[in-house]
Amino acid sequence: RGRMSKPHIVALGGTSRPESATGRALAHCLALAEAKGARVTLLTGEAINFPHYELGCNTDDPRVAHFVSVLRDADGLIVGSPGYHGSLSGMVKNALDYAEQLRGDARPYFDGIPVGLVATAGGWQAAVSTLVALRTVIHALRGWPTPLGVAINTGPGTGDALAEASPQLGIMVDQILGFLRR
């Protein structure tokens, strides 16, 4: 898309609970991006809680149509997932599966766009393995994961994990915006 004065950064993921740690981390990233001049859209909770994806089946769900439309308009993405049993949640994976509707576009899938990744979990092992799984899915969708992905341990005794991760989230957002300026 070339140089843009107000890039559109879309964050997607989280859980069906809008106040989830992942949803809060995504909202924090978007606030950082917006403060640096980006247009932002957050897709979490019911905005990504779709029927199970099935290749070749069309759905007339207006939420899916909106989701795909927003992805088409995105200049950069931030994808966040809670770690469920060492990997991304089914809800986040299912939403990402709907990116298949972008395969025939001039820009197929997430081709050539920067994608920041955030994984939250009640322990470092699950947070890091979820981050690796997210990176694998984004590579398959032709996205360009930022060099820094952020794993956040939200387990007991970790204090304010989001505040502690804020500097890393800021670096990741800067990497997305820097990629878009090039």
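Modeller: Start with pairing, where two strands pair if DSSP finds at least two bridges between them. Here two bridges join β5 to strand β6 (residues 144–145), and the two run parallel. Strands are DSSP runs (E, at least two residues), and helices are runs of H or I, at least four residues, numbered from the N terminus. This is a predicted model: local features need pLDDT of at least 70, side-chain atom pairs count only at pLDDT 80 or more, and totals for chains, interfaces and linings use all residues. Residues are numbered from 1 along each chain as its sequence is written, and side-chain values use heavy atoms, without hydrogens and water.

Biologist: Which residue of β6 is the bridge partner of Val115?

Modeller: Pro145. Val115 is also the bridge partner of Leu77. Strand β3 (residues 76–84) runs parallel to β5, with six bridges between them.

Biologist: How many bridges pair β5 with strand β7?

Modeller: Four, again in the parallel sense, and β7 covers residues 150–153. Ala119 stands opposite Ala151 there.

Biologist: Are the two faces of β5 buried or exposed?

Modeller: In a regular strand the side chains alternate between the two faces of the sheet. Buried means under 20% relative accessible area, exposed over 50%, partly exposed in between (1.4 Å probe, protein chains only). Pro114, Gly116, Val118 and Thr120 are buried on one side of β5, and Val115, Leu117, Ala119 and Ala121 are buried on the other. Eight of the eight residues are buried, so β5 (residues 114–121) is largely enclosed by the rest of the structure.

Biologist: How many helices and strands does the protein chain have?

Modeller: Five helices and seven strands.
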